[in-house]
Amino acid sequence: MDRKIEEAMNRQINAELWSAYLYLSMSLYAKSKGLDGVSHWMYLQWLEEQDHARILQEYMLRVDAKVTLMPIDGVPSSWESVYAMFKDALIHEQQVTHMIRRMVKMAYDVDDFSTVSRLQWFIDEQVEEEDSVRAILSALEMLGGDSAAMYEYDKSLLCRQYTKAEPLG
Ligand code: MG
């Protein structure tokens, strides 16, 4: 694997683990506010982000590249509101999308088509990630601070189920 791609992949692994850490923090924050559904939703994000890191790690080992685990930066632990928290989640996912697009471009530049192919899953996944956060933001906007409606909406988020990322089999 090209050195620059290897470095970018390791940075991406770190970014996925940081995402996991961020969502765990959001899950704990929501729990502390009595929003069990939001907390559960964020908890599944924490699991999914760890899957994302694992997909990259496993791929790198398969192509004989070196995985280097770097320190994970701290994450915020409180937000002004649940809405602000999801807004942060959206901004974060948009940044991740940007990182992945840049990496695909780099991989194309050095004819590393197997990495392009592996990253294609992430390109599609990011569309899902951004869409699901946007859907929650729209729902929260419609609730407009009605606490009874928020109670019901929060409960509806408890239905979300964890499914292991497809590349992990
Ligand atoms: Mg991710």
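**Entry 1: D111.** I looked up the accessibility of D111 and got 54% relative accessibility, so D111 counts as exposed, the cut-off being over 50%. The model is a predicted one. I then placed D111 in the chain: D111 sits in the loop between α3 and α4. Its backbone has a positive phi of about 55°, although D111 is not a glycine.

**Entry 2: D64.** I checked D64 next. D64 is not a glycine, yet its phi is positive, at about 65°. I find D64 in the loop between α2 and α3, the latter helix covering 82-109. Is D64 buried or exposed? Its relative accessible area is 71%, so I put D64 down as exposed.

**Entry 3: N14.** I turned to N14, which is found in helix α1. I noted 17% relative accessibility, so N14 counts as buried, since buried means under 20%. Which residues does N14 touch, leaving out those up to four places away in sequence? I listed M70, P71 and I72.

**Entry 4: magnesium ion.** I looked for the protein donors of the magnesium ion and found E16 (OE), E49 (OE) and H52 (ND1). These donors lie 2.1 to 2.2 Å from the ion. Along the sequence I wrote the spacing of the donor residues as E-x32-E-x2-H. E16 belongs to helix α1 (residues 3-32) and H52 to helix α2 (residues 36-62), so I recorded the pair as a link between distant parts of the chain, 36 residues apart. I also looked up the burial of this pair: E16 and H52 are both buried.

**Entry 5: largest pocket.** I read off a volume of about 240 Å³ for the largest pocket. How many residues line the largest pocket? I have 16 lining residues, and those nearest the pocket centre are E48, E125, E128, E129 and R160. Sorted by class, the lining has nine charged, four polar and three nonpolar residues.

**Entry 6: helices in the pocket lining.** I asked which helix supplies the largest share of the lining of the largest pocket. The largest share comes from α4, with six residues. I noted α4 as 113-143, and both α2 and α4 supply at least two residues each to this lining.

**Entry 7: cross-check.** D64 is in the loop between α2 and α3, and D111 is in the loop between α3 and α4. I kept both marked as exposed.

Notes:
Residues numbered from 1 in each chain as written. Predicted model: local features only at pLDDT ≥ 70, side-chain atom pairs only at ≥ 80, totals over all residues. Heavy atoms only, no water. Donors = N, O, S within 2.8 Å, 3.2 Å for Na, K, Ca; no water. Helix = DSSP H or I, 4+ residues; strand = E, 2+ residues; numbered from the N terminus. Buried < 20%, exposed > 50% of the residue type's maximum accessible area, 1.4 Å probe, protein only. 1 Å grid on protein atoms, 1.4 Å probe; cavity = no way out; pocket = protein on both sides within 12 Å on 5 of 7 lines; lining within 4 Å. Points joined across faces, edges and corners; volume = space filled by probe spheres on them. Nonpolar A, V, L, I, M, F, W, Y, C, P; charged D, E, K, R; others polar. Contact = heavy atoms within 4.5 Å.
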